[in-house]
Amino acid sequence: MINSFSLFHKILFFLLLLLFIGATIYFIINFKTLNNNVKLLFLIFLLIFPLTLFLKIKKDSDFRNLKTNYSLTKGIINNYFIPKIKSGIPTSGKSSDSKKIEYEYIVENTTYKNEIIDNPYMDLPNEKPDFSPNYLVIYEINNPQNSYILLKYPIKDESDFCKFEKIFSKGIPLNTFKR
């Protein structure tokens with residue numbers, strides 16, 4: 001899995017792994033001399049860091065799988081959430097919510113529901129999109145739950161869908177995702 005990472009991600013992964021190993025060794029060596037608050041912080045770090053890293057790697061892996069083995073279908077938007085708070089308010093302890101889109105689509109007579117929360121792969125607009133047309137949904141053939149609704153590709157009639165299928169048969173257009 002790590003062979004498919006870019007050079008930047010390989011270096012970042014290596015540096016984070018070294019940081020994690022160093023912190024673990026420091027924690028083990030100095031366990032008896034650390035006060036309880038520091039021990040608690042170290043334990044939280046040692047538990048959350050690998051979990052966060054694993055989730056990030058899994059998300060990137062799912063995205064790569066989708067891009068290499070995809071198919072298309074039509075989907076509808078069920079809900080679109082735009083937060084009222086544009087940025088966090090540090091003094092109140094409130095953080096900004098993320099934009100979120102909930103959608104559903106059908107693959108081989110099975111209806112799937114999915115949602116996209118602000119993520120590094122696609123931009124969600126600041127205004128609610130039109131709910132009336134269908135939109136193109138790209139999904140992984142072996143795992144149809146792994147999908148994205150593509151708001152840049154509204155489907156007003158069957159000819160739109162055929163046009164998009166033709167475009168995507170040559171590969172995913174460069175402007176479809178952020179990276």
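Helices (H or I, at least four residues) and strands (E, at least two) are DSSP runs here, numbered from the N terminus. This is a predicted model, in which local features need pLDDT of at least 70 and side-chain atom pairs count only at pLDDT 80 or more, while totals for chains, interfaces and linings use all residues. Residues are numbered from 1 along each chain as its sequence is written, and side-chain values use heavy atoms, with hydrogens and water left out.

Neither is a glycine, yet phi is positive in Glu-108, at about 50 degrees, and in Asn-109, near 65 degrees. Asn-109 is exposed, at 79% relative accessible area; exposed means over 50%, buried under 20%, and partly exposed in between (1.4 Å probe, protein chains only). Glu-108 is exposed too, at 75%.

Next, the interior. A nonpolar core is a set of buried Ala, Val, Leu, Ile, Met, Phe, Trp, Tyr and Cys residues joined through side-chain atoms within 4.5 Å. The largest one has 30 residues, and Leu-136 is among those with the most contacts inside it. Strand 5 contributes the most to this core, six residues. Leu-136 itself, neighbours within four places in sequence aside, is in contact (heavy atoms within 4.5 Å) with residues including Leu-72, Tyr-148 and Phe-168. A second, separate core has five residues, among them Phe-27 and Phe-42.

Last, Glu-158, in helix 3. Glu-158 is partly exposed, because its relative accessibility is 44%. From Lys-74 it is 84 residues away in sequence, and 10.0 Å in space, C-alpha to C-alpha.
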